[in-house]
Amino acid sequence: MRPIITGFLDHDGTASFDEQIELVNKHNIANICLRQYNQKPLIELKDGEIKKLIATLKDQKLKVAIIDTNNKSYDIYDDRKHNDTLDEFKYMVKLADKIKVSHLFFKLPKFTNVIEEYEAIEKRLIPFVDVALRNNKKIILLPVNNYKANIYAYILKKMKTNVLSVAFNPVTIMLNDEPTTTAYRLLKKRIGAFMTVDADHQGTPKLIGYGKTDIIPLFKKLLRDRYA
C-alpha cells in the first residue's frame, strides 16, 4: 500500500466544506482528513448534514483518509469521562463506516508515569481497541500532553496490536526537546501518519526544510524504510 498524501483543509476551523472542496479541486487532491463539517464537530452532525456530506464526497469522487474523533484527554482514573469518551468513540466509528474511512485520530488519557501506571493505561485503551477491531478500524494516536516518543513506543510495544499506531509530528517532538531522528528510530515501525510540518525552536511555522526539525533527513529515512 502506497502512502496517501492528505491533510485537513479547514484552515483551523474557519473554512466551510464548500471552501475545502474548492481547495481539493484547485490542488487535485484525492483524499482529505475531516474533523468538522461547516464549523461543526463531526460528532454534532445531524442526519441531514451527514447525508449531505456523504453526497458531496460521492459527487466529488473524494475519499476521506482520516477522521479526528476530537476526543478530550481525560484523567485516566475518571470513570465517567472514560465511559463518555468510549460512547463518543463508538459513535465516531459508526460515522466512519458511513463515510467509508478506516483510520481515526485519538488522544491518550492523562497519566504521570507510563511504567507505573501501565495497567491503568492498558485497561482504558483495550475497550477502544476492541471497538476498532470489531469494525475493521485503525486508531492513530495524536501527540498530546507533551508525552515523549518513548512513552508512545512503550505503550505500542506492550499493547501488541496492529490497531494502534502514532501520528509523528516533528514539530511537537522538537518542542518536547527531543531529537526528531531519535524519536523516528523509536517509532518508525508504528507510524500511522507522518505530519509534514516544520518550525523553528520557538514553534514559529517555517517552509518545509527551513525549520529546525530535520524534516528533510526524516523524509530520507522514510524513503529508506519504504514507509507505507
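Tutor: Helices here are DSSP runs of H or I with at least four residues, strands are runs of E with at least two, and both are numbered from the N terminus. Arg226, for example, sits in the segment after helix H8 (215-224). Residues are numbered from 1 along each chain as its sequence is written, and side-chain values use heavy atoms, without hydrogens and water. The model is predicted, so local features need pLDDT of at least 70 and side-chain atom pairs pLDDT 80 or more, while totals for chains, interfaces and linings use all residues.

Student: What makes Arg226 count as buried or exposed?
Tutor: Buried means under 20% relative accessible area, exposed over 50%, and partly exposed in between, using a 1.4 Å probe and protein chains only. Arg226 has 75% relative accessibility, so Arg226 is exposed. The C-alpha atoms of Arg226 and Pro3 are 9.4 Å apart, although 223 residues separate them along the chain.

Student: And why does Arg124 get its label, buried or exposed?
Tutor: Arg124 comes in at 8% relative accessibility, and therefore counts as buried. Arg124 belongs to helix H4.

Student: Which strands can I call paired with S6?
Tutor: Two strands pair if DSSP finds at least two bridges between them. Strand S5 (residues 103-107) is joined to S6 by five bridges, in parallel, with Phe105 opposite Ile140. S6 and strand S7 (residues 164-168) share three bridges, also in the parallel sense, and Leu141 faces Val166 there. As for cover, four of the five residues of S6 (138-142) are buried.

Student: What kind of unit do S5, H4 and S6 make?
Tutor: S5, helix H4 (residues 118-134) and S6 form a right-handed β-α-β unit. The crossover is called right-handed if, with the strands pointing away from the viewer, the path from the first strand over the helix to the second runs clockwise. S6, helix H5 (residues 149-159) and S7 form a right-handed β-α-β unit as well.

Student: Which way do the residues of S1 point?
Tutor: In a regular strand the side chains alternate between the two faces of the sheet. In strand S1 (residues 31-34), Asn31 and Cys33 point one way, Ile32 and Leu34 the other, and all are buried. S1 pairs with S4 in parallel over four bridges, and Lys63 is the bridge partner of Asn31.

Student: How many cavities of 30 Å³ or more are there, and what makes something a cavity?
Tutor: There are two. A cavity is a set of points on a 1 Å grid over the protein atoms alone where a 1.4 Å probe fits but cannot get out, and lining residues have an atom within 4 Å of a point. Grid points are joined across faces, edges and corners, and volume is the space filled by probe spheres set on the points.

Student: Which residues line the largest one?
Tutor: There are 13, with Pro143, Tyr147, Ala149, Tyr152 and Ile173 nearest its centre. H5, S7 and helix H6 (170-175) each give two or more residues to that lining.

Notes. 1 Å grid on protein atoms, 1.4 Å probe; cavity = no way out; pocket = protein on both sides within 12 Å on 5 of 7 lines; lining within 4 Å.
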